[in-house]
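Please open the structure in the viewer and keep the selection tool at hand. The stops below say what to select next and what is there.

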Amino acid sequence: MPAVSKGDGMRGLAVFISDIRNCKSKEAEIKRINKELANIRSKFKGDKALDGYSKKKYVCKLLFIFLLGHDIDFGHMEAVNLLSSNKYTEKQIGYLFISVLVNSNSELIRLINNAIKNDLSSRNPTFMCLALHCIANVGSREMAEAFAGEIPRILVAGDTMDSVKQSAALCLLRLYKASPDLVLMGEWTSRVVHLLNDQHMGVVTAAISLITCLSSKNPDEFKTCVSLAVSRLSRIVSSASTDLQDYTYYFVPAPWLSCKLLRLLQCYPPPEDGAVKGRLVECLETILNKAQEPPKSKKVQHSNAKNAILFEAISLIIHYDSEPNLLVRACNQLGQFLQHRETNLRYLALESMCTLASSEFSHEAVKTHIETVINALKTERDVSVRQRAADLLYAMCDRSNAKQIVAEMLSYLETADYSIREEMVLKVAILAEKYAVDYSWYVDTILNLIRIAGDYVSEEVWYRVIQIVINRDDVQGYAAKTVFEALQAPACHENMVKVGGYILGEFGNLIAGDPRSSPLVQFNLLHSKFHLCSVPTRALLLSAYIKFINLFPETKATIQEVLRSDSQIRNSDVELQQRAVEYLKLSSIASTDVLATVLEEMPPFPERESSILAKLKKKKGPGAVSVELEDGKERGDYLSHSNGSSTPSPSADLLGLRSTAPASGATPSAGSLLVDVFSEAGPSATSAGVNDDGFLRFVCKNNGVLFENQLLQIGIKSEYRQNLGRMYLFYGNKTSVQFVSFNTTVSCPGELQSHILQLEPLVEGGAQVQQVINIECLTDFIDAPLLNIKFRYGGALQNISLKLPVTINKFFQPTEMAAADFFQRWKQLSQPQQEAQKIFKASHGMDTEVLKAKLLGLGTALLENVDPNPENYVCAGVIQTKAQQVGCLLRLEPNAQAQMYRLTLRSSKDTVSQRVCDLLAEQF
Amino acid sequence: MMRFMLLFSRQGKLRLQKWYTATAERDKKKMVRELMQVVLARKPKMSSFLEWRDLKIVYKRYASLYFCCAVEEQDNELITLEVIHRFVELLDKYFGSVCELDIIFNFEKAYFILDEFLIGGEIQDTSKKSVLKAIEQADLLQEVHTHTHHREKK
């Protein structure tokens with residue numbers, strides 16, 4: 001037995017560990033363990049009461065066995081007994097066992113909590129700390145229920161020892177993270193903030209983690225921490241390297257605390273107080289200056305600690321995104337690191353620059369490093385560093401350098417690691433589409449992508465190239481020519497055959513004039529690949545063949561012969577056989593006209609978010625898609641680049657909604673405005689006023705009864721897509737008498753545009769008539785359109801004004817995103833005016849499913865597994881207006897106990913946050 | 001916040017595991033296996049950081065032992081590297097030139113030291129003196145309470 005045992009040696013334990021280490025095989029180990037388990041079990045069950053020492057020893061052995069990876073199903077009770085021992089080591093082992101092995105056996109939890117309670121009130125600081133560690137290690141809900149009230153008291157009590165305060169702060173943090181609803185804010189919260197001023201650096205270090213977490217969740221309640229943090233930081237940054245004694249780490253004063261302070265400040269926008277801000281900017285400048293000073297030590301610990309602070313300071317500068325001078329300095333500093341001999345620093349510089357690239361102040365400065373980054377992509381020996389370089393190239397890409405970056409990424413793909421190929425392919429495909437100025441370049445790039453990394457080109461990528469070629473007639477001829485050339489290669493990837501088959505089938509005629517690519521040459525080329533392809537590709541090729549018969553009647557005989565061959569018409573695959581039979585029949589019996597109609601060129605695809613982008617988002621949370629999610633601007637760019645300009649066909653207009661609006665029937669809205677002013681001043685007859693209640697019922701739903709009185713019922717059905725909406729109104733005459741002079745008008749606020757189809761002036765008794773209103777959202781708005789209905793019933797004039805339930809949220813497009821993205825975006829929207837918050841009482845039940853349904857009805861994506869607290873709901877969406885797109889994040893925190901909600905909205909536009917918040921707050 | 005810390009040997013033997021969020025045993029085993037494989041396959045000159053699932057992994061090798069931490073997206077990699085180093089210094093100071101065997105035979109002590117240093121995945125104190133004082137006080141307490149032999153500290 002080696003004499004390495006420390007403290008009070010448990011000889012038996014050391015012998016046992018030695019035995020296990022000497023076991024020659026897994027079987028021998030299991031045998032030895034089983035023997036030990038049997039021994040311990042008999043000791044625990046034996047008649048003789050075990051003394052504390054033996055109990056401790058056996059519990060420790062069980063723990064060792066468990067940590068080796070074996071199951072332990074007994075000994076918990078003995079461990080719990082140890083908790084109430086007054087011998088420190090016994091108690092300590094008991095707590096350790098509980099921390100590692102506790103399960104939610106409620107009977108046991110009660111006993112454990114009892115023991116903890118005793119230790120917490122023992123006034124013995126060592127015992128108190130042990131108990132607090134245990135709570136923090138287990139962190140279960142039961143423990144939060146038992147101690148969430150007590151720990152804040154210990155934390156802020158005047159007579160609590162420093163070491164206990166430290167444990168209490170972090171213990172509370174753990175409970176807050178696990179069960180935030182159980183940790184109630186109160187008088188203690190303001191005192192916690194002042195721990196930032198504590199004389200004991202250890203207390204500050206522990207407390208700041210708690211304060212940072214609380215601040216990020218409740219920024220307003222904790223905002224006094226900003227000035228305290230700045231002055232603490234300033235004192236540390238300006239102190240000499242030995243001032244802080246034991247808190248100086250390799251000549252760097254308090255690096256951990258400095259990093260934490262800088263992190264805390266990232267929960268807030270830049271300080272408003274000029275003096276505080278000035279002091280902070282001074283600190284940041286000092287930190288940047290220190291990076292240029294010669295190192296005080298050659299040890300890596302010195303430079304790591306120093307640079308840790310530097311990177312955190314740069315994060316804060318990027319977070320503020322308001323000091324161009326600091327941003328550029330940060331960028332230059334990172335530029336130096338890009339060429340540093342330490343791999344770690346190169347890695348971090350690439351990572352940090354990625355976020356800098358999205359700031360308008362530093363985007364250009366980042367771009368100057370393009371050659372270095374490309375070089376990193378080519379020469380770095382560590383794949384994780386190369387990955388960072390690829391991410392950065394993606395982030396710094398814009399119209400000016402897209403061709404260069406895409407070319408470099410393509411050439412890197414030829415040798416890229418398998419692990420990152422698929423992601424690289426997606427990125428290249430996205431950049432090529434996003435920054436395509438001429439679409440021939442786009443087509444070239446995607447075909448190259450298929451040639452170089454065909455296996456990694458997912459369906460989304462080749463679907464997308466086909467969609468774009470079909471929607472843009474200026475590139476169709478070029479695409480046909482290029483795929484034709486690409487297919488000449490003796491070995492070409494099956495994805496190339498798919499694209500080739502589809503494009504030649506649609507647009508082969510555009511190159512058929514050239515004898516080198518005559519119809520028959522095209523067909524023979526495609527068919528030469530047929531036998532090497534999988535069933536789905538063959539099916540696609542068969543469809544291309546029948547399209548050929550339509551495009552080029554001269555190929556009919558040849559193709560019919562192929563279709564008629566046994567290998568097609570009797571193919572064992574049912575799909576292929578069916579296609580062969582049907583196409584053969586179609587080509588022989590249908591007239592040219594019928595054939596031309598059936599096999600007409602594909603209509604343009606409706607524009608929607610690129611499925612590639614969606615895929616990349618799903619595949620990779622952080623980093624990869626931050627560029628797109630950055631801002632409505634960027635995303636809008638991408639989504640809309642081919643929206644209108646390229647597609648002359650009227651049906652290409654999104655969903656065709658606009659095309660149905662007749663030029664003639666449009667109501668002049670200026671005229672109806674007068675009517676409305678009048679009707680609001682005092683409706684003339686028996687009519688109802690404005691329907692606020694009815695209106696609010698439709699925030700989270702699109703269909704239902706909008707209005708009803710004794711005469712008339714109005715139902716609505718509505719649908720929305722992008723910034724367009726269409727609403728069907730159903731007017732039901734509930735009487736047996738006809739309504740005459742039935743007339744409706746809609747007046748819109750300036751932010752909306754509407755077209756209404758006029759109705760016949762007569763509505764028969766018992767009849768229902770339908771009216772369509774098309775709505776376009778130009779920019780965000782608050783006031784709803786007003787619908788005014790006038791008709792005569794038995795001679796009396798009826799006048800009804802109704803708010804149409806068109807609310808800003810109707811133009812939401814849901815956005816799925818991963819937790820990391822969500823929180824990054826959330827953080828970026830931290831300006832006070834970007835946030836709207838309401839705390840309100842529940843006016844309905846708080847049933848989960850109902851809440852979810854409402855949030856989905858709002859139009860946002862309900863994001864699962866994002867909020868650390870499963871009770872909370874978070875959602876994301878983009879509001880589509882003609883002028884801009886507004887990204888919107890939402891968080892709803894129910895408190896079932898208090899029957900209250902807290903609702904927080906963040907978006908890039910203050911009016912939107914407020915409006916959505918107001919609307920939604922009425923829904924629960 | 002640190003999600004977990006693992007100590008394992010070059011041979012892939014897990015020597016210490018500390019989890020700061022509730023994780024099912026099955027998932028723990030799977031994560032440990034997967035991560036050990038990734039880290040052990042890396043070459044000496046490579047960076048100490050890598051992305052793994054939604055976490056950042058920060059690791060460093062000391063003699064035969066790998067110290068490997070998983071931290072969250074917003075955490076600072078370099079300071080995490082120094083968390084590892086400070087933990088190694090604490091072990092070293094307590095055991096006196098710590099080696100893998102010390103941690104194997106005194107695993108419970110290693111856990112106690114870690115608990116004095118980190119709670120809930122956050123730093124409790126960075127001062128070597130404060131942390132060691134807490135541990136030594138505990139050792140002293142057990143001397144008073146127990147009658148077993150207590151080895152002298154250097």
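How many cavities of 30 Å³ or more does a search of the whole structure find? The search finds 10. Here, on a 1 Å grid over the protein atoms alone, a cavity is a set of points where a 1.4 Å probe fits but cannot get out, and a pocket is an open set with protein on both sides within 12 Å along at least five of seven lines; lining residues have an atom within 4 Å of a point. Grid points are joined across faces, edges and corners, and a volume is the space filled by probe spheres set on the points.

This is a predicted model, in which local features need pLDDT of at least 70 and side-chain atom pairs count only at pLDDT 80 or more, while totals for chains, interfaces and linings use all residues. Residues are numbered from 1 along each chain as its sequence is written, chains are lettered from A in the order in which they are written, and side-chain values use heavy atoms, without hydrogens and water.

**The largest cavity**

Select Tyr88(A), Gln92(A), Leu130(A), Phe112(B) and Asp115(B), which lie nearest the centre of the largest cavity among its 19 lining residues. The space in this cavity is about 180 Å³. Its lining comprises 11 nonpolar, four polar and four charged residues.

**The second largest pocket**

Next, select Leu67(A), Leu68(A), Gly69(A), Lys13(B) and Leu14(B), nearest the centre of a pocket lined by 35 residues. This second largest pocket holds about 980 Å³ of space. H1(B) gives the largest share of the lining, seven residues; helices (H or I, at least four residues) are DSSP runs, numbered from the N terminus.

**Between the chains**

Now display both chains: 77 residues of chain A are in contact (heavy atoms within 4.5 Å) with 65 residues of chain B. About 6,300 Å² is buried between them, 56% of it from carbon and sulfur atoms. Buried area is the accessible area (1.4 Å probe) that two parts lose on being put together, summed over both. On the side of chain B, select Leu78(B), Phe105(B) and Phe107(B), which lose the most area to chain A, together 11% of what that side buries.

**The nonpolar core**

Finally, select Ile116(A) and Leu449(A), the residues with the most contacts inside the largest nonpolar core, which has 272 residues. Such a core is a set of buried (under 20% relative accessible area, 1.4 Å probe, protein chains only) Ala, Val, Leu, Ile, Met, Phe, Trp, Tyr and Cys residues joined through side-chain atoms within 4.5 Å.

Conventions: Buried < 20%, exposed > 50% of the residue type's maximum accessible area, 1.4 Å probe, protein only. Nonpolar A, V, L, I, M, F, W, Y, C, P; charged D, E, K, R; others polar. Helix = DSSP H or I, 4+ residues; strand = E, 2+ residues; numbered from the N terminus.
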